[in-house]
Amino acid sequence: MRYQFLKLIFSLRKSPKTEQGSIIVEAVVSMLVLSLGLIGLLPLITISVASRVQSQRVELAVNAARTYIENLRAETIVPPSLTTAKLNTVAGPSGNVLNCQANSYCLSPTVANSALYCVDGDIDGICSNTSSKDMLVQAFAANTATGATVADGYSVGVRVYRANAFTGNQVFLASFSGKAAQRTFGTVNSSGGEPPLYELTTEIATAATNYQALCARVDTLTSITGCQ
């Protein structure tokens with residue numbers, strides 16, 4: 001009887017420690033389960049963040065392209081030199097030495113049959129390859145009619161690249177379709193090249209563009225002749 005009584009007292013004195021130990025074990029197990037769950041979600045979180053960053057880049061590129069086109073139509077900026085080359089044959093930029101002023105054409109890199117225009121996305125008054133918001137618009141204009149000038153109107157295409165890609169020895173891809181359309185890209189090519197974030201083609205008519213000039217362009221772009 002005395003032995004059973006002592007055993008009961010001992011068990012009562014020991015039980016709080018036992019409960020505390022159980023609580024600690026349960027907490028550790030819960031933390032391990034939570035950690036494993038977070039590890040499993042990590043790839044999804046990473047993909048989500050990367051997609052959001054890419055979406056923001058594309059949005060900036062779209063705004064840059066539209067701003068450039070609107071300025072061309074308003075004739076507040078000089079268009080690139082006219083070329084008779086087909087727009088889908090114009091190569092992407094080459095060279096990584098970036099020499100640009102904000103909201104103006106770049107001195108370098110130079111691109112055959114086109115020009116690079118920097119849109120100051122972060123509105124800091126400079127164009128920099130360290131900015132995540134500055135965008136470079138590669139613009140090219142074409143009118144294949146004989147003796148055509150900018151005043152006669154022209155087709156214009158733009159590709160938009162991020163300014164902070166112009167570092168190192170990056171290869172800039174030209175995935176232009178040659179069709180009057182708009183497309184968004186931004187996925188790094190398997191070859192390691194940098195594709196445009198956004199691409200747009202459209203037609204530009206100036207205040208001096210007349211019907212005869214339009215007919216001359218139609219005659220060179222189609223099999224129809226005698227439009228005038």
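Read along the sequence, the protein chain runs α-β-β-β-β-β-β-β-α, which comes to 2 helices and 7 strands; helices (H or I, at least four residues) and strands (E, at least two) are DSSP runs, numbered from the N terminus. This is a predicted model, where local features need pLDDT of at least 70 and side-chain atom pairs count only at pLDDT 80 or more, while totals for chains, interfaces and linings use all residues. Residues are numbered from 1 along each chain as its sequence is written, and side-chain values use heavy atoms, with hydrogens and water left out.

**Confidence**
- The protein chain averages a pLDDT of 76, and 68% of the residues score at least 70; pLDDT is the predictor's confidence in each residue, from 0 to 100.
- Over residues 177-182 the pLDDT is below 50, yet beyond near neighbours in sequence this stretch has 12 contacts in the model (a contact means heavy atoms within 4.5 Å).

**Overall packing**
- Out of 228 residues in the protein chain, 32% count as buried; buried means under 20% relative accessible area, exposed over 50%, and partly exposed in between (1.4 Å probe, protein chains only).
- Take the contacts between residues at least 6 apart in sequence: 57% of them join residues at least 24 apart.

**Disulfides**
- A search of the whole structure turns up 2 disulfides, each being a pair of cysteine sulfur atoms within 2.5 Å.
- One of them links Cys100 and Cys106, with the sulfur atoms 2.0 Å apart, and it is right-handed, with 105° about the S-S bond.
- Cys100 is buried at a relative accessible area of 8%, and Cys106 is buried too, at 13%.
- Cys118 and Cys127 also pair up, their sulfur atoms 2.0 Å apart.
- The torsion about the S-S bond of Cys118 and Cys127 is about 100°, so this disulfide is right-handed.
- Both Cys118 and Cys127 are buried.

**Arg159**
- Arg159 sits in strand β5, which covers residues 154-162.
- Arg159 is buried yet has no salt bridge, and the nearest side chain of opposite charge, Glu199, is 4.0 Å away.
- For that call, a salt bridge is a side-chain nitrogen of Lys or Arg within 4 Å of a carboxyl oxygen of Asp or Glu; Lys and Arg count as positive and Asp and Glu as negative, with His and the chain ends not counted.
- A polar atom of the Arg159 side chain lies 2.7 Å from the backbone oxygen of Val90.
- The backbone oxygen of Ala91 lies 3.3 Å from a polar atom of the Arg159 side chain.

Conventions:
A polar contact is a pair of N or O atoms within 3.5 Å; within protein, one must be able to donate a hydrogen and the other to accept it, and residues adjacent in sequence count only if both atoms are side-chain atoms.
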